[in-house]
Protein chains: 4
Amino acid sequence: MKVNPGDLILFCTEEGRTYLIEATAKKFQTHRDSFNLEELIGKPYGSTILGAKGTKAYALKPTVYDYLMKLKRVTQIIYPKDIGYILLRLDAGPGKTILECGTGSGSLLIAFAHAVGKDGRVISYEKEKRFQEVALENLTRFGLAERVIFKGEAQGSFDEKEEVDAVFLDLKTPWDLLKAAWQALKPGCPLGVLLPTANQVSETLKALEELPFVNTEVLEIMLRFYKTNPERLRPEDRMVAHTAYLLFSRKIKEA
Amino acid sequence: MKVNPGDLILFCTEEGRTYLIEATAKKFQTHRDSFNLEELIGKPYGSTILGAKGTKAYALKPTVYDYLMKLKRVTQIIYPKDIGYILLRLDAGPGKTILECGTGSGSLLIAFAHAVGKDGRVISYEKEKRFQEVALENLTRFGLAERVIFKGEAQGSFDEKEEVDAVFLDLKTPWDLLKAAWQALKPGCPLGVLLPTANQVSETLKALEELPFVNTEVLEIMLRFYKTNPERLRPEDRMVAHTAYLLFSRKIKEA
Amino acid sequence: MKVNPGDLILFCTEEGRTYLIEATAKKFQTHRDSFNLEELIGKPYGSTILGAKGTKAYALKPTVYDYLMKLKRVTQIIYPKDIGYILLRLDAGPGKTILECGTGSGSLLIAFAHAVGKDGRVISYEKEKRFQEVALENLTRFGLAERVIFKGEAQGSFDEKEEVDAVFLDLKTPWDLLKAAWQALKPGCPLGVLLPTANQVSETLKALEELPFVNTEVLEIMLRFYKTNPERLRPEDRMVAHTAYLLFSRKIKEA
Amino acid sequence: MKVNPGDLILFCTEEGRTYLIEATAKKFQTHRDSFNLEELIGKPYGSTILGAKGTKAYALKPTVYDYLMKLKRVTQIIYPKDIGYILLRLDAGPGKTILECGTGSGSLLIAFAHAVGKDGRVISYEKEKRFQEVALENLTRFGLAERVIFKGEAQGSFDEKEEVDAVFLDLKTPWDLLKAAWQALKPGCPLGVLLPTANQVSETLKALEELPFVNTEVLEIMLRFYKTNPERLRPEDRMVAHTAYLLFSRKIKEA
């Protein structure tokens with residue numbers, strides 16, 4: 001596993017800062033040192049590179065987590081703590097077809113596209129064209145664009161009927177598209193919804209009661225990082241307090 | 001998508017209790033009613049079945065999350081809140097080769113096997129033979145056994161050398177196998193460790209400092225469910241307070 | 001500081017179980033042993049007593065925290081994690097006059113009565129007479145009854161006008177009494193509200209916007225216990241996930 | 001309750017910023033406006049004052065919580081979420097004698113001094129003289145200095161023997177003073193310890209096992225604020241992730 005020209009690498013400095021960059025014949029400037037990236041090409045991943053000032057850095061193999069943390073953002077993104085859990089609940093795995101609305105900057109989309117593999121498909125609806133342009137840029141950079149079909153605004157319904165394995169809704173008024181989600185889903189399959197506010201959770205729960213969905217659950221996930229000094233183990237001083245509530249449910253044929 | 005004889009279905013009662021069972025010509029008895037499962041065969045997923053006492057139940061399509069919640073347990077299992085995040089950090093996706101030690105009841109193993117798809121492989125070490133027997137039973141039930149290679153106790157090293165895309169350690173003294181993990185990993189690739197106690201976190205961090213690993217992070221994930229009454233939205237009264245701390249790091253070629 | 005006949009003691013067994021009981025000439029039966037309480041009388045607090053089967057127990061000096069944990073309950077109580085913080089926000093200290101509505105089992109009331117001392121007063125409104133009877137019983141047991149004035153249901157207003165240092169509301173529809181709270185409070189002084197559901201928080205915030213209150217804050221407090229094995233330090237497996245949201249605000253003279 | 005010259009007031013702007021300042025014949029400049037504080041003198045608390053640019057502000061009655069949030073800091077302070085709970089566990093109420101080591105900036109000391117009232121006493125040990133100077137300044141400003149006795153470094157023991165109602169330790173190596181704490185405490189009475197790191201928790205638990213203490217508990221408290229828009233109720237984006245672990249125990253006469 002050698003670094004090839006044009007490869008995306010996770011460039012990690014000795015202080016632990018990381019950058020997702022291309023391995024090309026360029027200088028790379030961090031806030032502390034300057035690195036000649038050409039030196040990495042042809043070397044194995046995990047190799048050390050020395051900066052002009054003598055500090056070290058490492059060429060790591062980027063993971064889907066790194067893609068999620070380093071993507072270009074034009075909207076609030078969904079965080080890995082939530083994405084990992086969403087993947088399990090929506091059964092996102094090789095070969096699946098998943099529908100999401102909306103695209104945003106494409107963070108969840110990247111994770112879906114990674115999970116469904118070459119034989120899977122992700123259909124992503126979004127009313128803001130410029131968001132999808134950024135999402136496409138992100139997907140292309142990570143080699144995942146071919147697995148995704150972009151569509152524009154969902155006008156109360158989706159094109160898909162009883163044909164997708166999971167639906168995920170991330171928009172301000174998800175209750176407007178619950179019926180559309182129901183129509184798109186294969187029976188017995190899971191729905192997920194991202195809801196930043198408690199009011200949206202209540203509204204969505206109310207709307208769900210009118211539709212043939214069962215097994216509804218609402219939850220939130222908190223992630224706390226720790227300082228890594230083994231002699232002084234303790235959590236970081238500050239953390240993300242909230243991203244969104246998550247709701248999951250299951251389509252049935254009829255109520 | 002119809003229910004075939006022998007299919008695993010997620011059987012969900014109208015009160016919301018779920019059971020992962022086979023669709024066969026049997027009666028299925030819940031604490032409240034009795035259902036003739038044969039009625040479901042040939043019907044679409046999502047169909048409703050009536051019990052002898054008139055209560056309803058639904059045949060849902062099981063997800064990997066359901067497999068994780070309903071597997072046969074002989075050890076403490078790893079929870080979905082942690083598993084989803086581990087999948088992202090270890091880049092578990094189609095075609096990957098992942099090494100884990102130990103197997104336990106196979107909860108993380110199921111998620112790995114699901115994520116790597118038909119072209120991927122999971123190598124799972126475990127010293128207790130009876131745990132692997134249960135894990136194999138779980139994997140077989142979910143149709144994932146072919147993707148897994150079981151091995152016995154890791155005696156200070158793994159058979160694999162610079163050939164796996166990720167390593168995950170879940171044993172009492174993971175520091176004993178950090179060097180082995182380093183040897184097994186392709187350079188630049190991720191390591192994950194599950195650590196129930198703070199003392200184990202400190203011990204592992206100390207041992208890691210002696211080895212060519214960078215970008216180490218420690219964290220914990222908390223998940224809180226909410227009651228789903230839209231007029232009285234509030235968290236559940238009780239929750240899981242702790243499962244384990246998670247540690248992630250990356251192999252480099254040399255320090 | 002010796003144990004006198006009739007003293008309330010915190011009886012703590014060697015396994016760590018605690019009981020708030022009177023020191024009298026009685027046998028005290030735990031699930032494991034039987035103790036002759038008379039032996040404690042005249043001995044200093046902190047003394048050890050041996051049970052009939054040879055297990056040890058200790059006579060500890062009860063604190064207000066012990067009162068809160070061991071009071072007789074007829075309603076959901078407010079927890080110490082919330083009570084300690086409420087005391088600070090409402091400036092509950094020696095000599096203050098505090099109004100609360102409703103009494104419930106008297107848990108917050110006990111803390112208020114303890115904090116305001118002999119020169120302070122707590123006025124407690126409650127529509128359910130039987131709750132106040134239990135609260136009085138609890139207060140009397142802890143020697144705090146003289147500091148409390150009980151009143152019945154607040155019919156849209158309180159008797160007190162611009163004369164109390166703080167108001168705390170713990171009832172289903174606190175928005176009905178916000179104006180009454182405003183009237184009772186000395187200007188510039190704090191209001192606290194306990195709200196189990198998110199819907200109640202929204203409703204109260206809306207109602208507050210119509211009244212001369214400023215500096216409104218909403219929050220929740222989570223408390224996690226740890227297992228106390230120094231070699232295996234880790235949180236308990238389960239915890240209380242939610243008691244209630246807390247809201248604090250301040251009365252001004254006019255909007 | 002009128003604002004007198006020299007009174008400490010909590011000055012709250014219409015955007016919700018708060019300042020703890022003296023009511024004197026001065027201009028007070030916020031980042032948005034300028035206020036002539038003299039206008040407030042003689043007016044009731046809760047009165048509104050207009051700035052030169054027409055924005056409003058309010059003179060609120062400061063609470064002990066405001067003192068804690070607005071004190072002069074030279075060290076990491078203890079937070080109200082922890083202080084409120086410590087007060088309950090240590091039974092800090094009118095007339096009590098409490099010993100703490102060390103003083104720091106005096107945040108916990110202010111809360112103790114407030115709680116014990118005029119008839120109580122707080123003895124505060126600290127090796128850094130300059131910290132106590134700041135703490136004294138804070139106490140004097142809040143009118144609480146008379147209730148406090150300052151002492152220098154505790155050289156392995158405290159002057160007090162079986163005479164204090166509670167001890168609180170907040171120093172790097174609390175295990176060095178556990179025996180001293182035991183000697184100072186009245187039997188059966190509570191000890192509290194503040195521990196920023198997990199390693200310190202383990203160390204303290206180990207040391208406690210050698211001494212006549214029982215009923216030991218370790219815990220942490222998390223506080224999450226919410227945004228106060230009733231139509232979009234949700235937690236703040238970020239929060240304090242960790243201040244310290246808290247340990248509580250009880251002295252017995254002998255093991």
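1. Some ground rules. Residues are numbered from 1 along each chain as its sequence is written, and chains are lettered from A in the order in which they are written. In this predicted model, local features need pLDDT of at least 70, side-chain atom pairs count only at pLDDT 80 or more, totals for chains, interfaces and linings use all residues, and side-chain values use heavy atoms, with hydrogens and water left out.

2. Chains C and D. Rotate chain C by 180 degrees, with 0.0 Å of shift along the axis, and it superposes on chain D with an RMSD of 0.0 Å (least squares on C-alpha atoms of residues with pLDDT of at least 70 in both). That is the relation of a two-fold axis. Of chain C's residues, Gly84(C) comes closest to the axis, its C-alpha being at 1.9 Å.

3. Chains C and B. Here 23 residues of chain C are in contact (heavy atoms within 4.5 Å) with 23 residues of chain B. There are two salt bridges between these chains (a side-chain nitrogen of Lys or Arg within 4 Å of a carboxyl oxygen of Asp or Glu). Arg224(B) forms a salt bridge with Glu220(C), the closest N and O atoms being 2.9 Å apart. On the side of chain C that touches chain B, strand 12 of chain C gives the most, with four residues (a strand is a DSSP run of E, at least two residues, numbered from the N terminus).

4. A look inside chain D. Ser107(D) is buried, with a relative accessible area of 4% (buried means under 20%, using a 1.4 Å probe and protein chains only). Leaving aside neighbours within four places in sequence, Ser107(D) is in contact with Leu68(D), Leu71(D), Ile77(D), Ile78(D) and Ile83(D).

Conventions:
Buried < 20%, exposed > 50% of the residue type's maximum accessible area, 1.4 Å probe, protein only.
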